[in-house]
Amino acid sequence: MVCLLSPDRVWILFSIIVESSSWRTDLHSRRTSFLPFSPRNLSLMVLHMDRNDYYGGESTSLNLMQLWKHFKGNDKPPEQLGTSREYNVDMIPKFMMANGSLVRILIHTGVTKYLNFKAVDGSYVYKKKKIYKVPATDVEALKSPLMGLFEKRRARKFFIYVQDYDENDPKSHEKLDLNKVTAKELISKYGLEDDTIDFIGHALALHNEDSYLAQPALNFVKRMKLYAESLARFQGGSPYIYPLYGLGELPQAFARLSAVYGGTYMLNKPECKVEFDGDGKVIGVTSEGETAKCNKVVCDPSYLSDKVKKVGKVARAVCVMSHPIPDTNDSHSAQVILPQKQLGRKSDMYVFCCSYAHNVAPKGKYIAFVSAEAETDNPEQELKPGVDLLGSVDEIFYDTYDRYVPTNDHQADNCFISALQSYDSTTHFETTVIDVMEMYTKITGKVLDLSVDLSAASAAEE
């Protein structure tokens, strides 16, 4: 049996497993007695335990009363903010690339039949204390106020190269081996200015710092192509989509899929203790005096704090507003990326906004988030450049949380720990899915093929 603990990103992982193999589950007991069912002489029994009384762990969405209790210790928000149940405030705000890995996973597993998505209105970048729309094609580059006339022409040529690049067609490579040529060398071929490189690398390729410039250019180009392909998919103002009613719908959709295959889901299970045998291999999980026996545990670092190390901290501001972000064309939903050099930081800052258009707040209300890798112990001062872009806010909350990576040998103890207890500061899922895919390969020994028909989810997403 496999035991999953505190399912933040684990809901993605299990939904892949049950759809990508002949494993099926038939759990006839809601507690600790399990009866295996094996149509192909293979059996995977899954017990999903969570110390919280709601689905999703870190990636849940809270109503207004829950939000107030989480940050202020009481459940009495001001009446002028509206009805509590009309709010669905993400604890870890992120958009999805329309052609990205998470969308492919959701289609692969069939979870999309339980979800509805809507395109995000705008994608913007911060430059010299102003907000600009991110150009993603050669046509948009020519119109963008981000660049001067001659720079626009150079950028257009670069965008055409990226759009035409085909890894399997040597004619499109222009005699450049992107496995050897660095991103910096590729960009220098087109003579682009530093400010242009800044928005291309951070707002299009979605790197959160500049180390990519010294790495082979192939991944950099693939990231840019993903942005452009995602943007073209819905012909909208951004490459992102977002589920109606917030990200909390994603783990709940997984729970429905899990139930279809007989999975057992147990909420509000306090003090889950992972049990080991004399050789250090996992043998079960104990909660409230009962032990569920298993031979594998998938969990976040908080359950096995002696098998992880801290690698960073994220600072975040959560804001309730009565207007869209200024200078974003009155967008009901938008992302603004503040590249590190524009702020004198080591990594980027992100601004995320959604509203009643995605059913996450009452009509006329907007939810905005500002997040960044913490480089100081003062989140209010550190996040000020992003918060200042929001204009007036009705309420604001500040929060920080640590990030961890596992240090254990999963082959020795059969414990599979997610690389982050909480998600990173980025406002998209691409980095998160990398962690999920790596865990999938460690657990199953297979590499997942995500070659799927993306049109399979178009009706739900529209």
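Predicted model: local features only at pLDDT ≥ 70, side-chain atom pairs only at ≥ 80, totals over all residues.

Mentor: The part I'd zoom in on is Glu288, which sits in the loop between S12 and S13. Its relative accessible area is 53%, so Glu288 falls in the exposed class. The backbone deserves a look as well: Glu288 isn't a glycine, yet its phi is positive, at about 55°. For background, most residues other than glycine have a negative phi.

Now the strands on either side of that loop. Strand S12 covers residues 282–287, and four bridges pair it with S13 in the antiparallel sense.

As for disulfides, which would need two cysteine sulfur atoms within 2.5 Å, the count comes to zero.

Asp330, another residue other than glycine, has a phi near 55°. You'll find Asp330 in the loop between strand S15 (308–321) and strand S16 (334–338), and its relative accessibility is 62%, so it counts as exposed. Then there's Lys128, with a positive phi of about 50°, in the turn of the hairpin that S7 and S8 form with two residues between them. Strand S7 (residues 122–127) and strand S8 (residues 130–133) run antiparallel and are joined by four bridges, with Tyr126 standing opposite Ile131 in S8.

One more loop, for contrast: Gly391 lies between helix H12 (384–388) and strand S19 (395–406). Its relative accessible area is 40%, so Gly391 is partly exposed. Leaving out residues up to four places away in sequence, Gly391 touches His323 and Pro326. From Gly391 to Met321 it's 70 residues in sequence and 8.8 Å in space, C-alpha to C-alpha.

Next, a second open sheet. Three strands are arranged S5-S9-S6 with antiparallel pairing; strand S5 (96–97) and strand S6 (117–119) are its edges, each pairing on one side only. S5 and strand S9 (residues 240–243) are joined by two bridges, and the partner of Met96 in S9 is Ile241.

Met96 also leads us inside. The largest nonpolar core has 82 residues, and those touching the most other members are Met96, Phe158, Leu186 and Phe220. Helix H8 (residues 217–234) gives the largest share of this core, seven residues. Beyond its neighbours within four places in sequence, Phe220 has contacts that include Phe158, Leu186, Ile200 and Tyr212. Another core lies apart from this one; it has 22 residues, among them Ala334, Val351, Val387 and Leu390.

Parallel pairing turns up too: S2 and strand S10 (residues 264–266) pair that way over three bridges, with Leu47 opposite Thr264 in S10. Along strand S2 (residues 46–49), Val46 and His48 point one way and Leu47 and Met49 the other, and all are buried.

The protein chain holds 15 helices and 20 strands, and 57% of its 462 residues count as buried. Take the contacts between residues at least 6 apart in sequence, and 71% of them join residues at least 24 apart. The accessible surface is about 19,900 Å², with 47% of that belonging to carbon and sulfur atoms.

Technical notes:
Residues numbered from 1 in each chain as written. Heavy atoms only, no water. Pairing = 2+ DSSP bridges. Buried < 20%, exposed > 50% of the residue type's maximum accessible area, 1.4 Å probe, protein only. Contact = heavy atoms within 4.5 Å. Core = buried A, V, L, I, M, F, W, Y, C linked by side-chain atoms within 4.5 Å. Areas by Shrake-Rupley, 256 points an atom, 1.4 Å probe, with all protein chains shown as cover.
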